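Let's take a friendly walk through a protein model. Keep the sequence and the 3D view open while you read.

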Amino acid sequence: MRVATLSATAALVLATLAGSVAPAAADTPAGPVLQVPLEAGNGLHHSTGSVVYERVDGEVNAVRIISVYVTGGDRDCAWLDWNDPHNPNGWSSLTSEPSCGGTGLEEHPDRIVKAPVGHPLKVRLAAYHRDSAEVKHKDIEKL
């Protein structure tokens, strides 16, 4: 009888210890809604943007993009991108079109972006001068 009681107590202790261990990375709960502000350039080339997102429940390295807002500088066009590990140039757009000439663009893509474990998720505000395809001003922030 005493052995059975000891075994039951040991099982209870082990179950308690197992329950207090941190959850596995794949069981990461959805987090609070967060906002990342972005800013690049000066004067007539000043562009701004923001990305509102939350962590995806049960995913190791994924976020749900809730909304994006971008305003290109008076002489620029600006995009919001994320560092897509599957894109050959490294970045994929979060906006359907650029914001140009000081006009704001707000979209609500409700889109999940994922990357392999170890690949840090980042967003980028990339501003181009209207006569160039080269990024002239940028701001990169980690999600």
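First, some ground rules. This is a predicted model, in which local features need pLDDT of at least 70 and side-chain atom pairs count only at pLDDT 80 or more, while totals for chains, interfaces and linings use all residues. Residues are numbered from 1 along each chain as its sequence is written, and side-chain values use heavy atoms, with hydrogens and water left out.

**The whole chain**

The chain has one helix and 10 strands. Here, helices (H or I, at least four residues) and strands (E, at least two) are DSSP runs, numbered from the N terminus. Read from the N terminus, the order is α-β-β-β-β-β-β-β-β-β-β.

Of the 143 residues, 34% count as buried. Buried means under 20% relative accessible area, exposed means over 50%, and partly exposed is in between, with a 1.4 Å probe and protein chains only. The accessible surface comes to about 8400 Å², and 56% of that belongs to carbon and sulfur atoms. Those areas come from the Shrake-Rupley method with a 1.4 Å probe; for residues, only the protein chains shown count as cover.

Strand 1 (residues 34-40) and strand 2 (residues 47-55) pair in the antiparallel sense over seven bridges. To count as a pair, two strands need at least two bridges found by DSSP.

**The core**

Which residues have the most contacts inside the largest nonpolar core? They are Val 51, Ile 65, Leu 80, Leu 94 and Val 123, in a core of 21 residues. Strand 1, strand 2, strand 3 (62-71), strand 4 and strand 9 (122-129) each supply at least two residues of this core, with the largest share, four residues, coming from strand 3. A nonpolar core is a set of buried Ala, Val, Leu, Ile, Met, Phe, Trp, Tyr and Cys residues joined through side-chain atoms within 4.5 Å.

Take Leu 94: leaving aside neighbours within four places in sequence, its contacts include Val 51, Ile 65, Leu 80 and Val 123. Contact means heavy atoms within 4.5 Å.

**The disulfide**

The structure holds one disulfide, between Cys 77 and Cys 100, whose sulfur atoms are 2.0 Å apart. The cut-off for a disulfide is a pair of cysteine sulfur atoms within 2.5 Å. Cys 77 lies in strand 4 (residues 76-82) and Cys 100 in strand 6 (residues 99-100), so the bond ties together parts 23 residues apart in sequence. The torsion about the S-S bond is about 115 degrees, so this disulfide is right-handed.

**Inside or outside?**

| Residue | Relative accessible area | Class |
|---|---|---|
| Cys 77 | 16% | buried |
| Cys 100 | 27% | partly exposed |
| Asp 110 | 48% | partly exposed |
| Lys 138 | 53% | exposed |

Asp 110 is found in the loop between strand 7 (104-107) and strand 8 (111-114). Its phi is near 45 degrees, a positive value in a residue other than glycine.

Lys 138 is found in strand 10 (residues 135-142). Its C-alpha atom is separated by 4.6 Å from that of Ala 126, 12 residues apart along the chain. Not counting residues up to four places away in sequence, Lys 138 touches Ala 40 and Leu 125.
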